[in-house]
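Have the view open beside you and take the points in order.

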Amino acid sequence: METSNDKPKIITMCCSIRYKDEMTKIALKLQLQGNIVLTPIFPVNNSNKGDYTEKDIETLGKVHKEKIKMSDSIFVVNKDNYIGNSTKNEIEYAKSLNKKIIYYTDFK
């Protein structure tokens, strides 16, 4: 468990939508270890962003950054060493807040 003094750590998951299934499996594993895991909310039909306004997409991004702000660390699902532009921005944001960065490729 990634805790100190039995206090659960808060971890925000960051990844490309292409790794959503992998993220869900990792989030469950981390939560079973006693962590509080925050996951991104992806638009239901990402292939058709026309279902969502730019304001909707912007709001989801802002809320996700707030999750990062309240976290102890972020967990980057960089399967196959892929990190998309949005995730790169989230990593930089987390670094600016001195958050711990955990990479999937280092987690195994």
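**Notes on the model**

1. Let's start with Thr87. Apart from neighbours within four places in sequence, Thr87 is in contact with Cys14, Cys15, Ser16 and Val76. Thr87 is found in helix H3 and is buried, with a relative accessible area of 4%. Please keep in mind throughout that this is a predicted model.

2. Now for the overall layout. The chain has four helices and four strands, and from the N terminus on these elements run β-α-β-α-β-α-β-α. Of its 108 residues, 35% count as buried. Among contacts between residues at least 6 apart in sequence, 76% join residues at least 24 apart.

3. A disulfide is a covalent bond between the sulfur atoms of two cysteines. A search of the whole structure finds zero of them. Cys14 is in no disulfide, and its nearest cysteine sulfur, in Cys15, is 7.8 Å away.

4. Next, the interior. In soluble globular proteins, nonpolar side chains tend to be buried together. Here the largest nonpolar core has 14 residues, and those with the most contacts inside it are Met13, Met23, Ile26, Leu30, Phe75 and Val77. Strand E1 (10-14) and helix H1 (20-32) are the elements that give two or more residues to this core. The largest share, four residues, comes from H1. A second, separate core of eight residues includes Cys14, Ile74, Val76 and Ile101.

5. Met13 deserves a click of its own. Leaving aside neighbours within four places in sequence, Met13 is in contact with a list of residues that includes Met23, Ile26, Ala27 and Leu30. Also among the contacts of Met13 are Val37, Leu38, Thr39, Pro40 and His64, along with Phe75 and Val77.

6. Then turn to the largest pocket. It holds about 650 Å³ of space and is lined by 24 residues. Which of them lie nearest its centre? They are Cys15, Phe42, Pro43, Ser86 and Glu90.

7. Where does the lining come from? Helix H2 (54-70) and helix H3 (85-96) are the elements that give two or more residues to the lining of the largest pocket. H2 supplies the largest share, seven residues. By class, the lining has 11 nonpolar, nine polar and four charged residues.

8. Finally, have a look at Asp6, in the segment before E1. Asp6 is exposed, with a relative accessible area of 71%, whereas Thr87 is buried at 4%. Asp6 and Gly34 are 28 residues apart along the chain, and their C-alpha atoms are separated by 8.8 Å.

Methods
Residues numbered from 1 in each chain as written. Predicted model: local features only at pLDDT ≥ 70, side-chain atom pairs only at ≥ 80, totals over all residues. Heavy atoms only, no water. Core = buried A, V, L, I, M, F, W, Y, C linked by side-chain atoms within 4.5 Å. Buried < 20%, exposed > 50% of the residue type's maximum accessible area, 1.4 Å probe, protein only. Contact = heavy atoms within 4.5 Å. 1 Å grid on protein atoms, 1.4 Å probe; cavity = no way out; pocket = protein on both sides within 12 Å on 5 of 7 lines; lining within 4 Å. Points joined across faces, edges and corners; volume = space filled by probe spheres on them. Nonpolar A, V, L, I, M, F, W, Y, C, P; charged D, E, K, R; others polar. Disulfide = S-S within 2.5 Å.
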